[in-house]
Amino acid sequence: MAPRKFSEPTDRILGTRPVEVRRYGAFIRVNHWFGAICFVLLMLSGFALFHPSFFGLTALFGGGQTTRWIHPFLGIALVISFAAMFIQLVRLNILRREDLVWTAHIADVITGHEERLPELGKYNFGQKVVFWGMFWLILALVATGIPMWVQYFPDLVSIPTRRIAILIHSISAVLIVLVFILHVFAALWTRGTIRAMTRGTVTGGWAWLHHRKWLRELAGRRGTNAAE
Amino acid sequence: MTTPPNMAAFNPPVQPGQSVLGQQAVVRSSAGGPVAENPVQLPEVAKLIDISKCIGCKACQSACAEWNDTHPEIGVNVGIYENPHDLTAEMYTLMRFAEYDNPDSGDFEWLIRKDGCMHCADPGCLKACPAPGAIVQYSNGIVDFISENCIGCGYCISGCPFDIPRMHPTKHVVKKCTLCSDRVAVGQGPACAKACPTQAISFGTKDDMKTLAAERIEDLKSRGYDEAGLYDPAGVDGTHVMYVLQHADRPHVYSGLPDAPQISDVVEGWKGPTKPIGLAAVGVAAVGAAAMGVLSRGSRITEHEEREAEGLVETTPAASDDRGHI
Ligand code: SF4
Ligand code: SF4
Ligand code: SF4
C-alpha cells in the first residue's frame, strides 16, 4: 500500500463528476469551532484587561470580576482543544523543501499565478505558519498565564519573574491576534476554503489549484479507500 | 475650608467633620478612571516612622487591625516576634524585626521596621492596574484602593516596588494600608500613629514631617550614627510614608527595605510601549486585511480548475495502489 505522505486517513475523494474531496472529519470540525469560540472570547476578555479603552468589554462577561475569573479557564479550554488539533495535524504541517520555493513565489500566490508554484501537499507554507504560530504562542501564553493566575497560583514565582511573565503574555497575545487575523483573512480570501471547516469538503478544482499533491495522492488511493 | 492634617498625638475634634477625601480630591486614577476636574488642593501629608524610637510593641499593628476592622488569622509563633509572618489582606502593617550585627562597630542592633504601603508619589500599583478607578491617588498624596472597582487580577501586586498589596483569598480584591484615609479625611491622624506609645510614628504635612525628621537625624548623628538619614526615595518621586533610618546608606538591612526602589522597567515596558504598539499592530493588520479583502477579488476557482481536477482523478490509475489486493 502506498504510504500516506500528504493526506490523512480520513481524507478521500467522495465524487468524481464534479470532484468533491473530504478534507476534515466531524471531530476536527467541531473541535475547530469550539477552539475558535474560546479564542474569540479569550481575545475579547484579554483586550479588556490589556488596554483601558477596551475595559468596557468586561460588560460582555458580566463585569470585571467575572472577566478576570473566566479568562484563564477559557485559556485552559483552548489549550485542550488545540492539543487535540495539534495531534491530528502536526504530521502534515512539518516544513518541507517545496514550502521555501512556495514562499519565494508568494507574489504569484497573491496575483493568482499558482501555475508557477510547486505542487503542494495538504498544507502550504502560510497554513503551516498559522499552525506553528498558534502552537508556540499558545504555549507561551499558557506558560506565562499560569503564574499570573493569582487565584490559584499566588506564590508560584517571585514578583520580578511574574512581571516578566506578564510582559511576555501581553506580547504573545498581540502576536497571536495577528496570526488569527492572518488565518481568518486567508480563509476568506482563498475562496472555497471555509466549506472545508463547515461541510468538511472542498471542490476538486480547489484541491487541484492549491494542494495538487494531496489530490494526486487521494486520486491514487481511491480503490484502497473504497476497499477499507 | 479644608481640614488640615493633624498631628496624630492630639485628640481629634468631636464635632462632626466633612470628608475632604472624596472624588473631588482624586488626582490620579488607575486605567484612566475618573479624576477630579479641578481637584481640591490639599496639603501633602506624610507619616514619619522613626525606627530609632520604635520599641516593637506592636500597638500600631493592633490599632490598625482594630480601626480597619480586619480579622487576621490567629498566628503560629515560630520563635520570633514577627507575627503574622507576612503582610496579609487582613493585616495592613507588620513589624519586621531584623537582628543586625553591625560590621563597622561590631555591635548587635535590633532594627524594627513597620512595614506597609509607602504611598508612593508615583505608585507602581496604580500604573499596573487595568481596572478604571480601582486605585486612586488624592491630592494629599494618599494612594487608596477602591474595592468596588477592583477585579482581583493582582496586577498591582506585580507593579508595586515594595511588595505591599495582598490579595484577599475569598473576596478577590486587593488590600493594603490606606494611610487611614477615612480618618485623615476628617482631620484625624492614622490609627497607628495615634496608638504609638513612643511617638515613633508621627503624622502631619509632608513639609512638617521633613522638618521633624531633620531634627531627629541631627540628634542621631550627635549620638554617633553618622549615616542617619531620611528614607523618601526619589525613584518613586518620594513617598508619603517616610522612615528615619540610623543607617540610611543601607536601607536593605531593615528587613530588605529596597535601597533604590523604582517602578520596574519590565512594568514600564508592559504598561508603556507594549500597549500602543500592540494596538497599532493589531489595528493595521485588521484594517489592512479588511481593505485587501474588499479591494481584491481573492483567489477563485474556475470551471477550468474543476475540469483539470476531474481529468486528474480520472486518469490517475486508481488501481495502482490496489494491485496487491485483487
Ligand atoms: S508602596 Fe506599593 S502599594 Fe503602596 S503606593 Fe507604592 S506602589 Fe502602591
Ligand atoms: S487587583 Fe484590583 S487594585 Fe489590584 S490591579 Fe487588579 S483591579 Fe487593580
Ligand atoms: S495608616 Fe491606618 S491603615 Fe495604615 S498602617 Fe496605620 S493604622 Fe493601618
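Trainee: Which residues lie nearest the centre of the largest cavity, and how many residues line it?
Mentor: This is a predicted model. In it, 37 residues line the largest cavity, and Leu42(A), Gly46(A), His71(A), Leu141(A) and His169(A) lie nearest its centre.

Trainee: What volume does the largest cavity have, and what is its lining by class?
Mentor: The volume is about 800 Å³. The lining has 26 nonpolar, nine polar and two charged residues.

Trainee: How many cavities of 30 Å³ or more does the search find?
Mentor: Seven, when the whole structure is searched.

Trainee: Turning to chain A as a whole, how many helices and strands does it have?
Mentor: Chain A has ten helices and three strands. Along the sequence, their pattern is β-β-α-α-α-α-α-α-α-β-α-α-α. The C-alpha trace of chain A spans about 60 × 40 × 30 Å along its principal axes, and 50% of the 228 residues in the chain are buried.

Trainee: Why is helix H9 of chain A described as largely enclosed by the rest of the structure?
Mentor: Helix H9 (residues 212–220) is described in that way because seven of its nine residues are buried. The buried residues of H9(A) are Arg212(A), Trp214(A), Leu215(A), Glu217(A), Leu218(A), Ala219(A) and Gly220(A).

Trainee: Which residues are linked with them in a network of salt bridges?
Mentor: The network links Glu82(B), Asp86(B), Arg96(B), Arg113(B), Asp115(B), Asp163(B) and Arg166(B). The side chains of Asp163(B) and Arg166(B) meet at 3.1 Å, N to O. Asp163(B) is partly exposed, at 35% relative accessibility, whereas Arg166(B) is buried, with a relative accessible area of 13%.

Trainee: What about Asp249(B) and Arg250(B)?
Mentor: They also form a salt bridge, with the closest N and O atoms 3.3 Å apart. Asp249(B) is partly exposed at 43%, and Arg250(B) is buried at 14%.

Trainee: Back to Arg166(B): which residues lie nearest the centre of the second largest pocket?
Mentor: Arg166(B) is one of them, together with Leu87(B), Thr88(B), Ala89(B) and Met167(B), in a lining of 30 residues. H6 of chain A and strand E7 (166–167) of chain B are the elements that give two or more residues to this lining. The pocket holds about 800 Å³ of space, and its lining has 14 nonpolar, nine polar and seven charged residues.

Trainee: On the backbone, which peptide bonds are cis?
Mentor: Among them are the bond from Arg17(A) to Pro18(A), with omega near -5°, and the bond from Asn83(B) to Pro84(B), also with omega near -5°. Pro18(A) is in the loop between strand E1 (12–16) and strand E2 (19–22) of chain A. Pro84(B) is in the loop between H1 and E3 of chain B.

Trainee: Which residue in that chain B loop has a positive phi?
Mentor: Asp69(B) is one of them, with phi near 55°, and its place is in the loop between H1 and E3. Asp69(B) counts as exposed, at 54% relative accessibility. His119(B), likewise not a glycine, has a positive phi of about 50°. His119(B) lies in the loop between strand E4 (108–115) and helix H2 (124–128) of chain B and is buried, with a relative accessible area of 0%.

Conventions: Residues are numbered from 1 along each chain as its sequence is written. Chains are lettered from A and ligands numbered from 1 in the order in which they are written. This is a predicted model: local features need pLDDT of at least 70, side-chain atom pairs count only at pLDDT 80 or more; totals for chains, interfaces and linings use all residues. Side-chain values use heavy atoms; hydrogens and water are left out. On a 1 Å grid over the protein atoms alone, a cavity is a set of points where a 1.4 Å probe fits but cannot get out, and a pocket is an open set with protein on both sides within 12 Å along at least five of seven lines; lining residues have an atom within 4 Å of a point. Grid points are joined across faces, edges and corners, and a volume is the space filled by probe spheres set on the points. Ala, Val, Leu, Ile, Met, Phe, Trp, Tyr, Cys and Pro count as nonpolar, Asp, Glu, Lys and Arg as charged, and the others, Gly among them, as polar. Helices (H or I, at least four residues) and strands (E, at least two) are DSSP runs, numbered from the N terminus. Buried means under 20% relative accessible area, exposed over 50%, partly exposed in between (1.4 Å probe, protein chains only). A salt bridge is a side-chain nitrogen of Lys or Arg within 4 Å of a carboxyl oxygen of Asp or Glu.
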